[in-house]
Amino acid sequence: MTLPTPELHTARLRLRPFADADAAPLYALHSSTHVLRYWDSPPWTEPARAQRFIATCRTIQEEGTGARVAVDRVSDGAFIGWCGLTGWNPDFRSASLGYVFDAAAWGHGYATETAHAVLRWAFYTLDLNRVQAETDTRNLASARVLEKLGFVREGTLREDCVVNGDVSDSWVFGLLRREWHPTSMPPTGR
């Protein structure tokens with residue numbers, strides 16, 4: 001079952017399927033040690049990784065296991081990151097949320113705005129009951145994004161990641177459809 005990749009819009013952002021032209025900005029994003037300092041895998045060191053990521057995005061959509069969208073700022077068309085749902089299970093009506101944004105886009109509410117649009121799609125179009133997300137316990141900014149969206153911290157995965165020899169814990173967050181309030185979108189900006 002092919003999962004439709006959404007084309008979504010917010011007041012400030014355009015969420016769209018990945019295109020081959022996204023390889024260079026995607027590589028720049030995922031090769032940043034600063035951006036990926038809390039990620040569960042090391043920064044990319046070869047540009048071909050971006051092309052493989054885009055191919056994987058198409059594959060998970062075709063297999064019906066997820067969807068990832070590129071995020072562009074409407075004001076200038078700049079690619080600022082991505083957001084997606086993976087591990088979609090239609091029987092359990094659940095999936096996992098993930099996102100990565102360029103450091104220059106941090107602190108402007110873009111992650112919250114993007115995830116809100118993806119959650120609306122997840123709950124209303126895909127009829128999900130539960131969305132889960134994980135973040136490194138040191139990534140307080142990402143935890144705040146999830147909490148603004150209504151996610152509840154459900155537990156800690158102790159020493160679940162080892163990246164470049166650095167052992168870290170992760171928080172697990174969950175959001176149930178009945179607990180999500182789509183009209184209580186936090187204001188954008190800082």
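Strands β4 (residues 79-89) and β5 (residues 94-101) run antiparallel and are joined by seven bridges in this predicted model. Within this pairing, G84 has G98 of β5 as its bridge partner. Helix α3 (residues 110-124) packs on the sheet, and its direction makes about 30° with that of β4. The contacts of α3 extend to β1, β2 (13-16), β3 (67-73), β4, β5, β6 (130-136) and β8 (166-176). Helix α4 (residues 140-148) also packs on the sheet. It touches β5, β6 and β8, and its direction makes about 10° with that of β8.

On the other pairing of β5, the partner is β6. These two strands are parallel and share three bridges. S94 is bridged to R130 of β6. The chain passes from β5 through α3 to reach β6, and this β-α-β crossover is right-handed. β6 in turn pairs with β8 in the antiparallel sense, over seven bridges. Here Q132 has G174 of β8 as its bridge partner.

The sheet as a whole is open and has eight strands, with mixed pairing. Its strand order is β1-β2-β3-β4-β5-β6-β8-β7. β1 (8-9) and β7 (152-163) are the edge strands, each pairing on one side only.

An unreviewed UniProt entry annotates residues 13-178 as "domain: N-acetyltransferase". That span is 29% helix and 36% strand. Its end C-alpha atoms lie 26 Å apart.

Terms used:
Residues numbered from 1 in each chain as written. Predicted model: local features only at pLDDT ≥ 70, side-chain atom pairs only at ≥ 80, totals over all residues. Heavy atoms only, no water. UniProt positions renumbered as here; feature names shortened; annotations may be inferred. Helix = DSSP H or I, 4+ residues; strand = E, 2+ residues; numbered from the N terminus. Pairing = 2+ DSSP bridges. Contact = heavy atoms within 4.5 Å. Axes fitted to C-alpha atoms, helices over the stretch in contact; angles between N-to-C directions. Right-handed = clockwise from strand over helix to strand, strands pointing away.
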